[in-house]
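I opened a new notebook page for this chain. My plan is to go from the whole fold down to single residues.

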Amino acid sequence: VTESFKNAAGDDMVVINEGSNRGLKENVMMNVSRGDAFIATIVLTTIEPTRAVGKVTNVRTGPVQNGDSVLSRLD
């Protein structure tokens, strides 16, 4: 996570530093973690070649912060 912000509707949003160059697509759900802890889920809303924007959903141990990791699955 490189940035977090609220959109015009008040939704929590994040920017990640991966995009279509790594095969990411809109409406894909990804997991946010910090260390070994699950933080939240995001749904990707905007995809560019080297970055993507996602809406934060299912917050368990929030808020999402800069530097958190985003993974397609949790191991």
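**Overall fold**

I read the protein chain along its sequence and noted the pattern β-β-β-β-β-β. I then looked up its radius of gyration: 11 Å, close to the 11 Å that the globule rule gives for 75 residues, so the chain is as compact as a globular protein of that length. My tally of secondary structure is zero helices and six strands. I keep in mind that this is a predicted model.

I looked up the box around the C-alpha atoms. Along the principal axes, they fill roughly 30 × 30 × 20 Å.

**Confidence**

I checked pLDDT before going into detail. The protein chain averages 93, and 96% of the residues score at least 70. Which element has the lowest mean pLDDT, and which the highest? I found strand β6 (residues 69-71) lowest with 94, and strand β2 (residues 12-16) highest with 97.

**Burial, surface and charge**

I looked up burial next. Of the 75 residues of the protein chain, 31% count as buried. I put the accessible surface down as about 4600 Å², and 46% of this belongs to carbon and sulfur atoms.

I also checked how the charges are placed. The protein chain has 8 positive and 9 negative charges, and their mean positions are 3 Å apart.

For contacts, I took those between residues at least 6 apart in sequence. Of these, 49% join residues at least 24 apart.

**The loop between β5 and β6**

I started with Asn-66, in the loop between β5 (52-57) and β6. Is Asn-66 buried, partly exposed or exposed? Asn-66 has a relative accessible area of 49%; the exposed class needs over 50%, so Asn-66 counts as partly exposed.

I listed what Asn-66 touches, leaving out residues up to four places away in sequence: Val-1, Thr-2, Glu-3 and Ser-4. I also took a distance to Lys-6. Asn-66 and Lys-6 are 60 residues apart in sequence, and 14 Å separates their C-alpha atoms.

Gly-67 sits in the loop between β5 and β6. I noted a relative accessible area of 63% for Gly-67, so this residue is exposed. How many residues apart in sequence are Gly-67 and Thr-2, and what is their C-alpha distance in space? They are 65 residues apart along the chain, and 6.3 Å apart from C-alpha to C-alpha.

**Strand β4**

I moved on to Thr-45 in strand β4 (residues 37-47). Thr-45 has a relative accessible area of 32%, so I logged this residue as partly exposed. Beyond residues up to four places away in sequence, Thr-45 touches Met-13, Glu-26, Val-53, Gly-54 and Lys-55. I also looked up Thr-45 against Glu-3. These two are 42 residues apart along the chain, and their C-alpha atoms are separated by 15 Å.

Ile-47 is found in strand β4 as well. Its relative accessibility is 21%. Buried means under 20%, so Ile-47 counts as partly exposed.

Which residues does Ile-47 touch, not counting those up to four places away in sequence? I found Gly-19, Ser-20, Leu-24, Lys-25, Glu-26 and Ala-52. Glu-26 is therefore on my contact lists for Thr-45 and for Ile-47, given a contact cut-off of 4.5 Å between heavy atoms. I also took the distance from Ile-47 to Asn-66. They are 19 residues apart along the chain, with C-alpha atoms separated by 19 Å.

**Positive phi**

My last check was on the backbone. Most residues other than glycine have a negative phi.

Asn-27 has a positive phi of about 70° although it is not a glycine. I placed Asn-27 in the loop between β2 and β3 (29-34). Asn-27 counts as exposed, at 63% relative accessibility.

Asn-58 is another entry. Its phi is near 50°, a positive value in a residue other than glycine. I placed Asn-58 in the loop between β5 and β6.

Key
Residues are numbered from 1 along each chain as its sequence is written. This is a predicted model: local features need pLDDT of at least 70, side-chain atom pairs count only at pLDDT 80 or more; totals for chains, interfaces and linings use all residues. Side-chain values use heavy atoms; hydrogens and water are left out. Helices (H or I, at least four residues) and strands (E, at least two) are DSSP runs, numbered from the N terminus. The radius of gyration is taken over C-alpha atoms; the globule rule is 2.2 Å times the number of residues to the power 0.38. Buried means under 20% relative accessible area, exposed over 50%, partly exposed in between (1.4 Å probe, protein chains only). Accessible areas come from the Shrake-Rupley method with a 1.4 Å probe; for residues, only the protein chains shown count as cover. Lys and Arg count as positive and Asp and Glu as negative; His and the chain ends are not counted. The place of a charge is taken as NZ of Lys, CZ of Arg, CG of Asp or CD of Glu. pLDDT is the predictor's confidence in each residue, from 0 to 100.
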